[in-house]
Amino acid sequence: MVRYREYKRGACERNKDLFITAFKTTIPVLLGYIPLGMAFGFLLDGAGYHWIYAFIMSLFVYAGSGQFLAVALLSAGAGLTEFAIATLLLNFRHAFYGLSLLEKFSGVGKVKPYLIFALTDETYALLTTTNVPQGISKSRFYFYIAALDHLYWIAGSVLGAALGSVLDLNLEGMSFVLAALFVVLTIEQYFSSEARFPFIAAIGAGALSLILFSPDNMLLASIVLGTLILIVREKSMQRTQREQKIQETRKTQEMKEKYKGNGEKPENEENIGIFQVKKEIRSINTSIQPVEDKIKEEN
Amino acid sequence: MLDTLQMLVTIAVIALATFTTRALPFLFFGSREPPAVLAVIEKNLPPMILLLLVIYCLKDVQWLTAPYGIPELFTIGVVAGLHLWKRNAMLSIFTGTALYMVLVQFNIFSFL
């Protein structure tokens, strides 16, 4: 009984540590979501809507740029179809986020629907870069990060809607914290993954999309473009590999035919390799021999 | 101005549309094996998307009028340099943000 209680206390403390680790991970998002959420709440308040709608939207929609777009559409008096299509197009980039999380999210259990619902740009960036502390439940850690980010966004938007017109804080430039967060996470990705091509693809696709597309469309455009570049490169690499293989088999076939004509056994590389392995095994055996003798003696 | 019911229906539509975009890949590949090319994409997408998000933060910069995006590029350079040097995420992020706030609020690059 005592032991069980101790075990329980241990688990509780580990849980607390895990929460603190998750909180530390999300601090930059806290500092970014508060001013951004406030800006959204302030806009919605300016459009004449009660702050409770800012709360409901941030709770159930939870999409930064999507909610800004919604305020613009509300002011423009758009119809439901327009809301649906514009939101689908703007947030379609999230489908690409899920593509790279299929494996990571398999086996997270009950929280999976929530993790999918709460997959914003910032949460995606944290989940794909942060390593889960060893010996700790992945699902709980992911859930804490996603839920904390969600909470910051709700708090910011309600704060903005309720106090926006009263408060006169100069938060200009504070949302650049998210850009700084993305820079840091990109560098971490650079260190943790060996692939270099994704960065080249991103610079190409990003620069092109900045020039060709409007600010509203550029993120989706650049992700589609970059993914296409990745696929094309993968296909071309597979093709060159296949060609190399075909060439190799042709070479060995030619060799075989040559030796057949001479009527002698080919002394090819494979045979030499086997011979060498046999020699090594023999040398290992000889080095083991004295040790075995010694063991026998001691017995 | 929408009334309460209209507003709630509109929010429900936006919420559903957003959730659909996020759930799509999980619905699509929930029961079937994803194609082989996806495995490679899966590994290479996060680094690419993160760098694209950095570039996305520059979407509203006016490159052709003063200060020509210099506060943004300068701050990103400082954050990257600091992070490559110290590898301390909090230090890099907060130094960068404070620097950027000073740069834009006091209009440091107004001489350009």
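Arg87(B) is partly exposed, because 13 other C-beta atoms lie within 10 Å, a count between the 12 or fewer of an exposed residue and the 20 or more of a buried one. This is a predicted model, so please read every value here as computed from predicted coordinates. Arg87(B) sits in the loop between helix 3 and helix 4 of chain B. Its backbone deserves a look as well: phi of Arg87(B) is near 60 degrees, a positive value in a residue that is not glycine.

Now step back along chain B to the loop between helix 2 and helix 3, where you will find Tyr68(B). Tyr68(B) also has a positive phi, about 60 degrees, although it is not a glycine. Is Tyr68(B) buried, exposed or partly exposed? With 14 C-beta neighbours inside 10 Å, Tyr68(B) counts as partly exposed. Pro67(B) has its place in the loop between helix 2 and helix 3 of chain B. The peptide bond that joins Ala66(B) and Pro67(B) is cis, with omega at about 0 degrees. In general, most peptide bonds are trans.

Ala98(B) belongs to helix 4 of chain B, and it is partly exposed, with 16 other C-beta atoms within 10 Å.

Let us turn to chain A. How many helices and strands does chain A have? There are twelve helices and zero strands in chain A, and from the N terminus on its elements run α-α-α-α-α-α-α-α-α-α-α-α. Of the 299 residues of chain A, 34% count as buried. Taking the contacts in chain A with a separation of 6 or more, 76% are accounted for by residues 24 or more positions apart.

Chain A is divided into domain 1, residues 2-193, and domain 2, residues 197-266. Taken over C-alpha atoms, the centres of domain 1 and domain 2 of chain A are separated by 36 Å. The two domains do touch: four residues of domain 1 of chain A are in contact with five residues of domain 2 of chain A. On the domain 1 side of this contact there are three nonpolar residues, no polar residues and one charged residue.

Next, see how the two chains meet. Their contact takes 56 residues from chain B and 70 residues from chain A. On chain B, helix 1 (4-28), helix 2 (36-56), helix 3 (70-86) and helix 4 (89-105) each supply at least two residues of the side that touches chain A. Which helix gives the largest share of that side? Helix 2 of chain B does, with 19 residues. By class, the side of chain B that touches chain A has 40 nonpolar, eleven polar and five charged residues.

From helix 2 of chain A, Tyr53(A), Ile56(A), Met57(A) and Phe60(A) meet Met7(B), Ile11(B) and Ala15(B) in helix 1 of chain B. This contact has seven nonpolar residues, with no polar and no charged ones.

Helix 4 of chain A (residues 80-91) also packs on helix 1 of chain B, at an angle of about 30 degrees and with the axes 9 Å apart. These two helices are therefore roughly parallel, as the angle is under 35 degrees. Here too the crossing is right-handed. Among the residues making the contact are Leu80(A), Phe83(A) and Leu88(A) of helix 4 of chain A, together with Val13(B), Ile14(B) and Thr21(B) of helix 1 of chain B. The residues of this contact divide into seven nonpolar, six polar and no charged.

Key: Residues numbered from 1 in each chain as written. Chains lettered and ligands numbered in written order. Predicted model: local features only at pLDDT ≥ 70, side-chain atom pairs only at ≥ 80, totals over all residues. Contact = placed C-beta atoms within 7 Å. Helix = DSSP H or I, 4+ residues; strand = E, 2+ residues; numbered from the N terminus. Nonpolar A, V, L, I, M, F, W, Y, C, P; charged D, E, K, R; others polar. Axes fitted to C-alpha atoms, helices over the stretch in contact; angles between N-to-C directions. Parallel < 35°, antiparallel > 145°, perpendicular 65-115°, else oblique. Left-handed = near helix turned anticlockwise from the far one by under 90°. Domains from an automatic or database assignment.
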